[in-house]
Amino acid sequence: MADEKPKEKPREMRAEVTVPYEMAVGSNWHRFFEGLKEEKILGTKCRKCNRIFVPPRSFCPRCFDDNEEWVEVGQEGRIETWCYSNLMFPGQTLKPPFVPVQVVLDGTDMGFQHRIAGFDLSDFEKVRALVKFGGRVRAVWNKEKKGTIFDIDYFELVT
Amino acid sequence: MRKMAIAQFAQSAGVESKENLMDFTYRISKEVLDKAGLKRSEVGCVVIASSDIFHSGLSCANAIDWDGAGAFMVEGTRAEDSMFAFIYACMRIMSGHFDTVLVTSIVKGSENPENDTLTGFFADPFYMRPLGINETTAAAMQMREYMQRCNITEEQCAKVVVKNLGNALFNPYAHVRKRVTVDDVLNSDVVSDPLKALECAPKSEGVASILLAAEDKAKKLTDKPVWVKGFGTSMDHFNLGDRDLLNGQLKIAAGRAYKMAGIRNPKKEIDVAEICEPYAFQELLWCEKLGLCGDGEGGKLIDSGVTQMHGASPVNPSGGVLAMNPYVSRGLYRLIESAMQISGSAGGHQVDKKVKTALAHGTHGFAGQCHSLVILEG
Amino acid sequence: MGKAVAIIGTGQTKHGRRNDVSYPELVREAVKAALEDAGLTPKDIEGVVSGTMPSMMEGISDTHLYFADAICEVGKPVLKVETCGSTGQSIAHCGFYWVASGAADIVLVVGSEKMFEGDGQATMSTVADPWFLKPFSAGAPGVFTMQAMEWMHRFNIPEDKAREAAALISLTNHDNALNNPFAHIKITMTIEDAKNAFIITYPVRLLDVCPTSDGACAVIFASEEKAKKICKKPAWIKGVGFRGEEYFLGESNKSIWPSATEAAKHAYEQAGIKNPLKELDVAEVYNPFTYQEMIFYECFGFCPRGEGPDYVLKGTFTMKGELPCDPSGGVLCTNPIGASGLIRLAEAALQVTGKAGARQIDGAKLALSHAMGGIDQFNGVTIVGADL
C-alpha cells in the first residue's frame with residue numbers, strides 16, 4: 001500500500017475571500033475631496049523644502065515637519081509619464097484599455113496619478129501618436145460630484 | 001553583548017482616531033524623535049511592525065507606513081509583529097552596524113473587521129478554517145483544558161479581567177476603561193464557551209514607537225535609559241492537535257531571555273510583568289510558564305493578590321491587552337509600559353514598589369503558538 | 001563592525017506550477033535541500049527567519065505560523081520579516097544581522113510564494129491606497145511601464161533602441177534559464193518573438209514580463225567560526241543595504257531611482273567596491289521587467305545613466321559579457337515573489353562558490369544580488385564574495 005502512488009493527481013480546492021473595511025480618510029484628504037466637489041484641486045506646502053504636494057500630505061516625508069499651508073494648484077499640467085494598459089485582473093477599477101498618467105499639475109512639484117481619456121483608446125498606435133511626454137493635459141470634471149478621485153473624470157489632452 | 005537601551009517612546013491612546021493611517025503613524029514617530037531631539041535623517045535605521053492580514057484593507061503595509069515612520073531613504077525594514085520588530089532592532093544594534101533604531105508599530109483597529117475575521121486567516125484552508133478555528137475558538141479549547149487539568153475556576157479567570165480593567169482606569173492610553181465585577185464578567189455573553197465576552201480583548205487602534213540606542217548614544221538621548229537585558233522567542237507546532245496547549249513554548253522562550261539577562265529566579269527578580277493576555281485565563285497560564293508561580297498555580301496566584309497593582313509582583317499595571325489590543329502593536333505597548341514603570345513615569349498606574357527589572361511579553365497565533373519576551377532593567 | 005557572516009548552504013524548489021504539493025510541503029522542499037547542501041540537520045539550526053509577499057497571495061496570513069513544522073521553527077527562536085517584493089533580500093538581511101549580532105551562530109532563512117493559488121495582480125494592487133493610487137492601478141506592469149517611459153524620455157532614449165535592448169534582455173534571460181534546473185519558464189525564443197509578443201502595458205509585451213510561479217528558497221547563514229568549521233567553501237557576506245522612497249509614486253524620480261542607487265551604494269561601501277562593472281564578476285538583478293533591468297544597471301553603476309541600452313546591445317551583461325547578469329534566467333523566468341529576492345542571493349552564493357553548474361561564470365569571486373518591492377518603492381542589495 002505504502003509504495004502505491006495515488007491514481008489521481010492531488011486536487012485543488014476553490015476558496016474565495018471577502019473582508020469589509022471602514023477606512024478613515026483623515027482630515028487632510030477629506031479637505032482635498034471637499035475641494036474636488038467645488039472643482040478645486042488643493043495641495044499642501046512644506047515650509048522647509050517648499051515642495052507642494054498633490055495629493056496633499058499633512059507632513060513632508062523628507063523634512064518630517066507638519067505641512068500647514070494649503071494652496072490651490074492648477075487644473076492643467078504636463079505629462080510626466082504614462083502607459084497604455086491592456087491588463088485586467090479582479091478588483092481593478094477601470095476596464096482596459098485605459099491610460100494611466102502621472103501629471104505634474106501647474107504649481108506642484110510631483111506627479112499626480114490619474115488617467116487620460118476623452119478620445120478613442122481602442123487602438124494603441126493612435127493613442128501613442130496623441131499622448132506625448134511633456135504634453136499638456138487638463139482636468140475634466142464629472143458633473144456629479146461624490147467627493148472621490150473620480151470627481152475629476154479624467155484628464156484631456158490640450159491641443 | 002553591546003549594551004543598548006530604550007531612549008524614548010510614544011504611544012497613541014486607545015480612542016478611535018479620525019486620522020488616516022499615514023498621518024496617525026507620523027504623529028507618534030514624530031513625537032519620539034522630537035523628545036530625543038533627533039532629526040529623521042539622523043536615525044540609523046527604521047524597523048516598522050505591521051501585519052500582513054490586510055489590516056486596513058492594505059497589503060504590504062510597510063509601503064504606506066514608510067513615510068509616517070520617517071523611513072524615507074533611511075536604512076530600514078519591516079517585521080510581522082512588534083516584538084519581532086523590537087528584537088530585530090536589538091540585533092541590528094548588537095551587530096555594531098547601527099547606533100540608533102526607530103521601531104514603530106501600526107494598527108488601526110477601527111478600520112478592520114472583527115479580530116477573528118482576520119485571525120481566521122492564520123488557519124490552513126483545508127482543515128482548521130472550514131472547522132471555524134480562529135484565535136478565540138482555539139483559546140476557548142485551551143481554557144477548558146486549563147480549567148480541567150489545573151482546577152482553575154471561572155471566577156479565578158474573571159478576576160484577571162476585574163484586576164486589569166481596574167488598572168486601566170488609571171491608564172490614559174488604555175482603550176477599555178470601566179470598572180467591572182466578577183459577576184459582570186461571568187454574566188457577560190458567552191463568546192465561545194467557556195470564554196465570556198469580557199474575558200476577550202477588544203479591537204483597538206494603536207501606534208507605538210520606541211527609539212532604541214546603543215549605550216553611548218542612549219545616554220545622550222535621555223537621562224533615563226531603560227536597558228535591554230535579554231530577549232527570547234519560540235515557536236510551537238501549527239496543528240492544535242500536535243500541541244500540549246498547557247505546556248507550549250513560553251517556558252522555552254522565557255528560558256532564553258532569562259539566560260541572556262542572567263535571571264535565575266524570575267519570581268524574585270522580576271519586579272513587574274506586562275503580559276500579553278488577549279484572553280483572561282492566559283495571564284494565569286503565561287505567569288506559570290514565565291516562572292512567576294509554580295505550574296498549575298495560576299489560580300492561586302490571582303487569589304493571593306500578589307499580581308495586583310499594589311501587590312508584591314504586579315502583572316499588567318497598564319491594564320494589559322484586555323484593556324488595549326492593537327493586534328500587532330501590543331508588544332510595543334507592553335515594552336513601553338515596562339519602560340515607564342522602570343523610569344517611574346507611569347503616573348496613576350505606577351506600581352507601589354521600586355522597579356528595577358521588568359518583563360514584557362508578546363504572543364500571537366492560536367493559543368500562544370508563538371511567544372516573545374524582552375527583559376528590561378533600570 | 002560586527003562579526004563576519006557567511007552563507008553555508010542554499011536550497012531551492014523546482015519552481016513553476018506546483019499543484020502537486022501543498023504550500024508547507026513546497027517550503028519544506030527548499031529547507032531540506034539547504035540542510036543537505038550544508039550537511040546539517042534541523043537540530044543545528046539556532047534561529048529561523050521567514051517571509052513571503054505580505055499580501056496574503058494564497059489567502060493565508062502570518063505564514064510563519066502555518067510553516068512552523070515545515071521550516072524547522074518548532075522550539076526555536078523565530079523572526080518574520082517582509083517588505084513586499086523585496087522580502088527575499090530583507091529576510092536575508094535579517095539572517096545576516098542575527099548572526100552578526102552574536103545572538104546565534106546558524107540561522108535558516110526561508111522565502112516562498114505559491115502564486116498559482118491566488119490572483120497575483122489582484123492581491124498586489126492592494127498595496128495601493130483606495131483613494132488615489134488604486135483606482136488607476138494597472139497592476140505591477142502599469143507601474144513599471146510608467147517608470148520605463150519616464151526613463152526613456154528623460155535620457156532621450158529612442159523607443160526603437162530601448163525596444164531592441166529589452167528584447168535582447170528577454171532573449172538572454174530565457175536562454176540562461178535553459179541552463180537552470182530550478183527555473184520556471186524554459187522556452188526557446190527569438191528577438192522577433194519578444195518584439196511581437198502580446199501587448200500588456202504598451203510598450204511592455206508578454207516576453208518583457210515575469211511569470212507568476214510557485215517556489216521556495218532557503219539559505220543558511222553562519223558565523224565565521226562555524227562557517228570555517230562546517231563548510232569547505234562558504235560565500236561571505238560583503239555588504240548589505242536597503243532603502244525606500246515615499247509611498248506616492250509621483251514623488252521621487254524613478255528614472256534615476258534613489259532607493260536602488262543608495263541601497264547599492266551602502267552595500268558597495270561595506271564591500272569596498274569602487275568600480276562595480278570591473279570589480280563584480282556576476283550580478284543577480286531582480287528583473288521582473290526587461291526595461292526596468294536597464295534602469296537597475298544604471299543605478300548600480302554598471303554603466304552611465306541613460307546608456308543602459310547601449311551596454312546591453314554590446315553584450316556587456318550576457319553570459320560571455322564583461323558583467324554577466326542573471327545567469328539563472330532571473331525573475332523574468334521565475335517569480336515566486338517572496339522567494340525571488342532570496343533566490344537572487346542563493347544564485348550569487350552558488351556563483352562565488354563555483355557550484356552553479358551549467359550556469360556557472362568561470363572564476364566568479366564577487367557577486368551582487370538584489371530585490372525590489374512596493375510601488376517602485378523599495379530596493380535591497382546583498383554582495384557576496386568567495387573571500388572573507
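Let's start inside chain B of this predicted model, with B:Val272, whose bridge partner in E10(B) is B:Ala358. That pair belongs to a set of three bridges that join strand E9 (residues 272-274) of chain B to E10(B), and the two strands run parallel.

How buried is E10(B), residues 357-364? Eight of its eight residues are buried, so the strand is largely enclosed by the rest of the structure.

Staying in chain B, let's hop over to helix H7 (residues 182-187), where B:Val185 sits. With 22 other C-beta atoms within 10 Å, B:Val185 counts as buried, because the cut-off for that is 20 or more. Which residues does it touch, once neighbours within four places in sequence are left aside? They are B:Ala158, B:Val161, B:Val162, B:Val180, B:Lys196, B:Leu198 and B:Glu199. As for B:Asp271, 86 residues away along the chain, its C-alpha atom is separated from that of B:Val185 by 28 Å.

Now for how the chains meet. Chain C and chain B come together through 54 residues from chain C and 51 residues from chain B. On the chain C side, the elements giving two or more residues are helix H2 (63-66), strand E3 (78-80), helix H3 (87-100), strand E8 (235-244) and helix H9 (258-271). H3(C) gives the most, with six residues. By class, that side has 24 nonpolar, 19 polar and 11 charged residues.

Chain C also touches chain A, in a contact that takes 36 residues from chain A and 31 residues from chain C. On the chain A side, strands E4 (76-82), E5 (84-85), E6 (99-105) and E7 (112-116) each give two or more residues, as does helix H2 (124-130). E7(A) supplies the largest share, four residues. This side divides into 22 nonpolar, 10 polar and four charged residues.

There is strand pairing between these chains as well: two bridges join E5(A) to strand E5 (residues 199-202) of chain C, running antiparallel. To spot it, find A:Ser85, which stands opposite C:Thr201 in E5(C).

Conventions. Residues numbered from 1 in each chain as written. Chains lettered and ligands numbered in written order. Predicted model: local features only at pLDDT ≥ 70, side-chain atom pairs only at ≥ 80, totals over all residues. Contact = placed C-beta atoms within 7 Å. Nonpolar A, V, L, I, M, F, W, Y, C, P; charged D, E, K, R; others polar. Pairing = 2+ DSSP bridges. Buried ≥ 20, exposed ≤ 12 C-beta atoms within 10 Å, placed from the backbone.
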